[in-house]
Amino acid sequence: MTRQTKIIVSVISVGVVFICMTLFLLMPRGSDLAVQAPAPPREVTPIPLPPPVRSIIAVKANLPIHEVKGLAESALRDYLSKPIQRKNGAIEYAITLDPTSLTMMGGMDGTVSVIVPFQFSGWARVSKKIFGQVVQKREDIEGAATASLTLTPTLNSDWRITAKTTSDISVQRAEIEILGITISVRRILTELVREAVLPKLENLIVKYITNIDLKTRVAGLWARLYEPIILNKEPPIALIIEPLEILAQQLSSDGQTLFFSFGVETYIQVNMGNIAVDSFNSTVTGLPNIGFVDALESGYQIMAPIEITYAAVENFAKPHVEKTHKLKGMDTFVKNLTLYGSGTQLAAGIEFSMPSLGAEGQLYLLGTPVHDPTTMAVSVTEFDYTLTTRSLLLDIAQAVGEGFFPDLRAAVEEELIFPLEDQLTILHKKLADVIAEHRIGSSVVLRGTIDTITPEALYLTQTGVHIPFRLRGDLICEVSLNVSRGSH
């Protein structure tokens with residue numbers, strides 16, 4: 001080896017030794033390997049909640065026809081308890097009418113049909129001039145007749161009930177014989193019933209139906225709807241209703257009952273805990289006039305906003321996240337989980353340490369929370385993170401952690417799950433129990449079912465994750481009507 005070659009080898013050897021010593025001095029040791037990520041801002045981008053959807057509570061006001069029948073029958077008997085005495089030309093008569101088994105039925109179109117069979121008895125005196133002399137003859141008469149009446153009630157927009165009636169009378173054969181002469185009194189009896197009985201019968205039935213104070217009953221229901229219905233005291237859950245307007249169909253009947261069908265259009269909300277809807281109008285307004293429609297479709301959509309505070313998620317997730325994780329064969333200790341909203345994402349900050357590498361640091365993950373309807377839980381998938389390095393040392397740390405950070409992220413994703421089953425179970429049970437049969441006063445009953453509960457999109461607030469759930473089902477309010485002598 002020549003002298004020149006030896007010099008070149010010596011220089012290279014010295015250079016290699018120098019580089020090795022430099023790398024040795026720069027290699028991370030113990031707590032020198034620290035990783036930090038910039039904390040995402042604690043600012044939540046406001047997103048408007050979905051607008052409330054109008055619901056229609058079906059209101060069925062039922063009037064048993066047998067009540068009207070009983071009162072009309074009783075009043076008609078009182079009216080006809082005394083004989084009706086009349087004189088028609090040469091014939092003078094006194095007739096007692098005895099109504100038997102009055103029949104009253106409703107039609108599908110809301111009409112009311114009344115059939116009144118009568119038995120009549122009495123006497124008739126006929127004055128007849130024979131051969132210049134006035135001869136009087138008194139004979140007892142009896143027979144049967146049937147009166148029929150059709151009443152068509154109408155509900156008006158101002159809550160008044162008006163009615164039109166048509167009626168007729170059919171008298172079976174009624175004759176008397178005077179001095180061998182047969183004289184028919186059928187026409188006389190027909191006129192008697194038409195003039196003295198049918199108008200009274202019409203007035204009685206119209207009176208009992210048109211004087212029903214339907215407006216007062218519905219106005220009471222309208223005012224009571226503004227009152228929150230407490231579903232649960234702890235945690236506090238309240239059903240809030242804001243009535244808007246009233247729709248109605250004209251009257252109908254199944255034969256035995258006269259139906260008044262309404263639809264109270266409302267906004268319905270469930271307030272849970274401290275979450276309230278400020279946009280609802282809590283000022284009681286007067287009962288509006290009726291808007292008539294050809295058909296009513298009932299059904300409700302209740303928005304139930306559930307909020308999970310970041311603190312609640314932290315407390316639930318910490319035992320699962322803040323522990324030792326086995327990542328890439330290395331024990332990794334995670335502690336100090338911190339959750340908050342940033343923009344439209346959930347930020348999760350954690351502190352970690354890897355004793356085998358002598359590394360420790362703080363890492364922030366950003367992800368979008370989602371609701372899983374199968375598990376009824378909120379979780380975060382597709383967490384992402386960003387490392388900002390400022391020196392060769394941190395670059396080395398990032399290179400060392402390329403296989404570690406994804407595993408750490410996956411571990412946090414797997415454990416950061418918050419169940420909602422208990423809250424939804426309480427909400428479903430309490431609401432179902434209340435609307436299964438909820439009495440409002442002495443004559444109003446609210447009945448309903450819950451068909452579905454589905455989540456809307458998730459929204460982040462300054463304090464937590466906000467999940468409006470939409471409950472769908474049917475609500476029917478049954479109003480019992482009655483008629484009485486004292487109310488007219």
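Trainee: How do you know that both Trp222 and Tyr226 count as buried?

Mentor: Both residues are given as buried, which means that each has under 20% relative accessible area, whereas exposed would be over 50% and partly exposed lies in between (1.4 Å probe, protein chains only). This is a predicted model, in which local features need pLDDT of at least 70 and side-chain atom pairs count only at pLDDT 80 or more, while totals for chains, interfaces and linings use all residues. Residues are numbered from 1 along each chain as its sequence is written, and side-chain values use heavy atoms, with hydrogens and water left out.

Trainee: What makes Ser253 buried?

Mentor: Its relative accessibility is 8%, which falls under 20%, so Ser253 counts as buried. Ser253 belongs to strand 13 (residues 252–253), where a strand is a DSSP run of E with at least two residues, a helix is a run of H or I with at least four, and both are numbered from the N terminus.

Trainee: Which residues beyond its sequence neighbours is Ser253 in contact with?

Mentor: Once neighbours within four places in sequence are left aside, Ser253 is in contact (heavy atoms within 4.5 Å) with Ile65, Gly106, Gly107, Met108, Gly110, Leu258 and Phe259.

Trainee: Why is the pair of Trp159 and Phe262 called tilted?

Mentor: The structure holds 3 aromatic pairs, and in this one the ring centres are 5.2 Å apart with 40 degrees between the planes. Rings of Phe, Tyr and Trp (its six-membered ring) pair if their centres lie within 6.5 Å, and planes under 30 degrees apart are stacked, those over 60 are edge-to-face and the rest are tilted, so 40 degrees gives a tilted pair. Trp159 lies in the loop between strand 7 (133–155) and strand 8 (161–171) and Phe262 in strand 14 (residues 257–272), so the pair ties together parts that are 103 residues apart in sequence. Both Trp159 and Phe262 are buried.

Trainee: What kind of aromatic pair do Trp222 and Tyr226 form?

Mentor: Their planes stand at 75 degrees and their centres at 6.5 Å, which makes the pair edge-to-face.

Trainee: How do you know that the charged end of Arg42 sits over the ring of Tyr340?

Mentor: The charged end of Arg42 is 3.9 Å from the centre of the Tyr340 ring, and the rule asks for NZ of Lys or CZ of Arg within 6 Å of the ring centre and within 35 degrees of the ring normal. Lys200 likewise lies over the face of Tyr79, at 5.4 Å from the ring centre.

Trainee: What makes up the largest nonpolar core?

Mentor: This core has 123 residues, and those with the most contacts inside it include Leu97 and Phe262; such a core is a set of buried Ala, Val, Leu, Ile, Met, Phe, Trp, Tyr and Cys residues joined through side-chain atoms within 4.5 Å. Helix 3 (residues 186–210) gives the most to this core, with 13 residues.

Trainee: Why is strand 26 (residues 464–480) called largely enclosed?

Mentor: Of its 17 residues, 12 are buried, so strand 26 is largely enclosed by the rest of the structure.

Trainee: How many bridges join strand 16 (residues 300–309) to strand 26?

Mentor: There are 10, with the two strands running antiparallel, and two strands pair if DSSP finds at least two bridges between them. Strand 24 (residues 444–455) also pairs with strand 26 in the antiparallel sense, over 11 bridges, whereas strand 2 (residues 55–64) pairs with strand 26 in the parallel sense over 5 bridges.
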